[in-house]
Amino acid sequence: MAKREDYISWDEYFMGVAVLSSMRSKDPHTQVGACIVNSEKKIVGVGYNGFPIGCNDDEVPWEREGEWLDTKYPYVCHAELNAILNSISSNLKGCTLYVGLFPCNECAKAIIQAGIKEVVYLSDKYAEADNTKASKWMFDQTGVSYRKLAFTHPSITIGF
Ligand SMILES: O=c1ccn([C@H]2C[C@H](O)[C@@H](COP(=O)(O)O)O2)c(=O)[nH]1
Ligand SMILES: [Zn+2]
């Protein structure tokens with residue numbers, strides 16, 4: 001019997017883990033997941049956007065607009081930062097980060113400082129925002145490559 005031919009690629013597999021992680025997010029507007037992979041194609045960290053451990057999910061706001069302190073923005077911990085902080089390895093040098101949304105400037109700084117060398121993303125919906133432009137400038141300066149996921153499987157179904 002011949003081997004299966006419709007298996008998913010490594011990129012699809014790791015982005016699939018990132019997307020699955022995003023399904024844990026409680027953000028009603030934008031759910032982001034991230035998956036860090038080392039040079040041996042082993043997953044060393046995953047994360048999603050959410051409030052810090054100990055912050056009550058029911059008390060913190062998920063608003064996007066209004067007084068800054070009454071929005072989610074000062075409190076939410078981004079998927080990429082959570083993946084880095086959750087990592088099982090203290091050394092992320094040369095790793096690739098798969099993420100649903102192009103990293104913001106704060107995450108870009110953490111990615112660079114951690115030694116991650118490649119970012120694979122799904123959506124760049126905030127490409128025109130200054131913080132995304134700053135991320136790309138920093139990645140270009142520091143040799144962190146980035147590319148949009150190329151896929152042959154537009155959807156992956158998980159059933160239980
Ligand atoms: O690099 C990033 C940028 C954003 N996020 C998170 C932070 C928020 O929970 C959402 C963005 O919310 P909007 O309502 O789309 O402004 O995405 C992230 O995890 N990583
Ligand atoms: Zn961020």
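Val 99 sits in strand 3, which runs over residues 96-101. The model is a predicted one, and the values here are computed from it. Is Val 99 buried or exposed? Val 99 counts as buried because its relative accessibility is 0%, and the cut-off for buried is under 20%.

For a sense of distance, take Ser 39: 60 residues separate Ser 39 from Val 99 in sequence, and their C-alpha atoms are 17 Å apart in space.

The next topic is the ligand. How many residues are around ligand 1? There are 17, and those that come nearest are Asp 27, Thr 30, Lys 72, Tyr 73 and Tyr 126. Sorted by class, this shell consists of nine nonpolar, four polar and four charged residues.

In Lys 72, one of the residues that come nearest, a polar side-chain atom is 2.6 Å from an oxygen atom of the ligand. The side chain of Arg 64 has an N or O atom that lies 2.6 Å from an oxygen atom of ligand 1. With Cys 104 the backbone is involved: a polar backbone atom of Cys 104 is 2.9 Å from a ligand oxygen atom. On its own, ligand 1 has 470 Å² of accessible area, and the protein covers 94% of that area.

Terms used: Residues numbered from 1 in each chain as written. Chains lettered and ligands numbered in written order. Predicted model: local features only at pLDDT ≥ 70, side-chain atom pairs only at ≥ 80, totals over all residues. Heavy atoms only, no water. Near = heavy atom within 4 Å. Polar contact = N/O pair within 3.5 Å; in protein donor to acceptor, adjacent residues only side chain to side chain. Areas by Shrake-Rupley, 256 points an atom, 1.4 Å probe, with all protein chains shown as cover. Nonpolar A, V, L, I, M, F, W, Y, C, P; charged D, E, K, R; others polar. Helix = DSSP H or I, 4+ residues; strand = E, 2+ residues; numbered from the N terminus. Buried < 20%, exposed > 50% of the residue type's maximum accessible area, 1.4 Å probe, protein only.
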